[in-house]
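Here is a short report on one protein chain. Look at the structure first, then read on.

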Amino acid sequence: APGTMSGSGPEGVRSNEAAGDGLEEAEQDWTAAKAFYDNLVSKRPRPPKPQHAITVAVSSRALFDLVEERRIYEEQGVEKYVEYQQDNENVTLKPGPAFYFVKALEHVNARLLELYPDDEERFDIVLMTNNHAQVGVRLINSINHYGLTIERFCMTGGKSPIGYLTAYLTNLYLSADSEKVQEAIEAGIASATMFTANKDVAYSDTQLRVAFDGDAVLFSDESEQIVKEQGLDRFFEHEQLNENKPLAQGPLKGFLEDLGKLQKKFYAKNERLNCPIRTFLVTARSAASSGARVLKTLRSWGLEIDEALFLAGAPKGPILVKIRPHIFFDDQMFHIEGAQKLGTIAAHVPYGVAQKYHKVA
């Protein structure tokens with residue numbers, strides 16, 4: 001019938017006008033709602049916008065100790081697991097391997113807010129978990145109990161959360177699930193599998209301390225491939241020949257870069273000696289035979305590392321005990337296990353040639 005189609009005849013014109021009016025009203029409503037939200041006053045700092053933030057996504061099993069809950073899930077199934085979590089939602093979860101790292105990130109945020117109240121370039125911790133939403137109350141209660149500032153949750157109800165990491169512009173993903181971490185690494189996201197230390201140690205509550213292995217963590221695995229395939233002597237020869245050629249970047253280079261950017265914010269306020277971030281390179285390389293290339297690579301990237309420890313094949317565990325990092329990143333499970341035994345919280349980066357020699361269980 002005439003007049004029933006949009007734009008045909010007077011009624012069509014009226015319907016277009018009505019639609020336009022509706023859009024205008026919706027725009028006004030949105031503007032009013034945004035203005036209302038922006039004018040809300042809160043003592044708690046709001047999460048920074050993702051495009052400005054350094055986003056650290058942490059799984060619930062990395063943040064909290066969920067070993068018993070995981071056993072129930074595996075032995076009795078998802079329904080019993082959810083029921084158990086709901087029955088115990090007022091029982092505070094104990095800290096997991098990433099807990100003290102997250103606390104240290106939040107201390108850095110507090111210091112940044114003191115110096116730069118309007119700057120959004122700080123850490124944003126996102127709880128990224130494949131848990132079901134029904135478990136959320138216990139997680140929220142535990143987060144509030146410890147006074148953590150974690151405002152963004154992504155609970156995927158059994159589905160892999162990896163697809164959301166890109167949407168959240170994730171700079172670092174920490175999980176207790178090695179398969180998810182491998183998936184994230186393959187998607188180009190800096191990721192590591194968290195392992196709890198076998199001993200309780202005291203961590204600094206005034207300085208974030210992060211320790212990195214070099215090859216296949218900060219740098220590519222090109223040199224490690226030569227060690228594995230052609231031996232140590234050929235590796236030393238290769239590194240000396242290529243001393244002035246920067247190594248390609250590894251999966252955690254971006255996170256070191258993020259830490260460096262924040263350090264410079266403190267230096268700019270004359271806080272170098274009181275900086276709440278300290279970085280460490282802990283490498284099995286020897287300084288004389290292969291150290292120069294590493295230091296020159298960092299220089300070519302415009303990055304500083306606060307302390308560089310070249311161990312020439314000696315165990316890393318005893319050195320890490322002295323450093324007491326909140327997290328230590330390494331690509332080889334041999335070093336992860338050695339660090340764990342002596343009380344270091346370690347994070348396995350499943351990248352590079354070493355994974356062919358030792359798969360994570």
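A polar contact is a pair of N or O atoms within 3.5 Å; within protein, one must be able to donate a hydrogen and the other to accept it.

## Confidence

This is a predicted model. The chain averages a pLDDT of 87, and 89% of the residues score at least 70. Residues 1–15 stay under 50. For that stretch the model has 9 contacts beyond four places in sequence. Where pLDDT is low, the predicted coordinates should not be read in detail.

## Around T129

T129 belongs to strand β2, which covers residues 123–129. T129 counts as buried because its relative accessibility is 3%, and the cut-off for buried is under 20%. A polar atom of the T129 side chain lies 3.0 Å from the backbone nitrogen of N131.

Leaving aside neighbours within four places in sequence, T129 touches S60, C154, M155 and T156.

## Aromatic pairs

The structure holds 10 aromatic pairs. One of them joins Y73 and Y81 edge-to-face, with 5.6 Å centre to centre and 80 degrees between the planes. Y73 is partly exposed at 36%, whereas Y81 is buried at 8%.

F99 and Y146 also pair edge-to-face, at 4.8 Å and 70 degrees. F99 lies in helix α5 and Y146 in the loop between α6 and β3, so the pair ties together parts that are 47 residues apart in sequence. F99 and Y146 belong to one aromatic cluster with F64, Y100 and Y203.

## Lysines over rings

K253 lies over the face of W301, 5.0 Å from the ring centre. K265 lies over the face of Y116, at 5.0 Å from the ring centre.

Notes. Residues numbered from 1 in each chain as written. Heavy atoms only, no water. Helix = DSSP H or I, 4+ residues; strand = E, 2+ residues; numbered from the N terminus. Buried < 20%, exposed > 50% of the residue type's maximum accessible area, 1.4 Å probe, protein only. Contact = heavy atoms within 4.5 Å. pLDDT = per-residue confidence, 0-100. Phe/Tyr/Trp six-rings, centres within 6.5 Å; stacked < 30°, edge-to-face > 60°. Lys NZ or Arg CZ within 6 Å of the ring centre and 35° of its normal.
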